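This report covers charged side-chain pairs and a nonpolar surface patch. The sequence and structure come first.

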Amino acid sequence: MLNIPLAIIEAFVLFIPGFIANPAAVITGGHFPMDGGRNFTDGKRILGDGKTWSGYFGGSLLGVLSGLILTGFFLLFHVAGSISYGSTFPIILVTLLAMSFGSLTGDVTGSFIKRRIGIQRGGKGSLLDQWPFALVSFLFLFIFSRGFFMIYYGNIIGALTILLITPPLHRAVNIIGYKMKKKDVPW
Ligand code: CTP
Ligand code: MG
């Protein structure tokens with residue numbers, strides 16, 4: 001039997017690295033545009049100046065770091081048996097890399113789509129700002145850490161928890177970033 005409240009909490013807590021990668025990219029970002037300043041065949045920027053390698057790698061690695069810290073807490077409070085990124089360190093690392101790099105690869109995917117439909121860099125993308133990172137993170141987990149994915153997100157409760165919490169959470173984090181003057185716009 002699936003314990004629904006527990007499944008929701010586990011799905012949320014374990015996805016924290018995926019959530020952290022995006023705002024962390026704002027901190028490390030701004031250097032080396034991923035598209036090298038080039039335009040796509042439609043004459044618009046491929047990605048725009050908001051997607052840089054320093055944000056991509058810095059944000060992803062800070063996401064991984066947050067997952068390792070969480071793992072420390074799980075071990076410290078002896079909850080590792082019920083909630084974890086994996087049973088061995090290599091599995092934990094692969095899971096965290098897949099989740100975090102998937103998160104920022106999804107962020108890039110969202111920007112690519114935004115540019116194609118004519119929303120400029122920093123423009124409000126609504127669900128295009130909020131869902132691609134979670135969906136590509138799921139995809140990377142499915143490919144590289146399927147055991148973990150199946151336990152926590154391979155059921156409708158886990159997947160839906162992340163997709164439903166993402167829009168309000170994204171909004172809240174961006175308002176905080178705006179107030180801290182880390183972001184120019186509150187979305
Ligand atoms: N950032 C970065 N590299 C990334 C992701 C983010 O440097 N791979 C930094 C950029 O300074 C960016 C800021 O984080 O402006 C906010 O990220 P985001 O809202 O995703 O980018 P936007 O500027 O809104 O651009 P887009 O419209 O393409 O989403
Ligand atoms: Mg944005």
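## Salt bridges overall

The model is predicted. Across the whole structure, a search finds five salt bridges.

Aspartate 35 and arginine 45 form a salt bridge through their side chains, with an N to O distance of 3.0 Å. Both residues lie in the loop between helix 2 (16-28) and helix 3, so the pair ties together parts that are 10 residues apart in sequence. Aspartate 35 has a relative accessibility of 2% and counts as buried, because buried means under 20%.

Aspartate 42 is partly exposed, with a relative accessible area of 34%.

Lysine 114 pairs with aspartate 129 in a salt bridge whose closest N and O atoms are 2.8 Å apart. Here helix 4, which holds lysine 114, is linked to helix 5 (residues 127-130), which holds aspartate 129, and the two residues are 15 apart. Lysine 114 and aspartate 129 are both buried.

Salt bridges with shared partners join Asp35, Arg45 and Asp49 into one network.

## Nonpolar surface patch

Leu62, Leu65, Ile69, Phe73, Leu76 and Phe77 make a nonpolar surface patch of about 610 Å². Phenylalanine 73 belongs to helix 3 (residues 53-76). Its relative accessibility is 44%, so phenylalanine 73 counts as partly exposed.

Terms used
Residues numbered from 1 in each chain as written. Chains lettered and ligands numbered in written order. Predicted model: local features only at pLDDT ≥ 70, side-chain atom pairs only at ≥ 80, totals over all residues. Heavy atoms only, no water. Patch = residues over 30% accessible without salt bridge, like charges linked within 9 Å, V, L, I, M, F, W, Y side chains within 5 Å. Areas by Shrake-Rupley, 256 points an atom, 1.4 Å probe, with all protein chains shown as cover. Salt bridge = Lys/Arg side-chain N within 4 Å of Asp/Glu carboxyl O. Helix = DSSP H or I, 4+ residues; strand = E, 2+ residues; numbered from the N terminus. Buried < 20%, exposed > 50% of the residue type's maximum accessible area, 1.4 Å probe, protein only.
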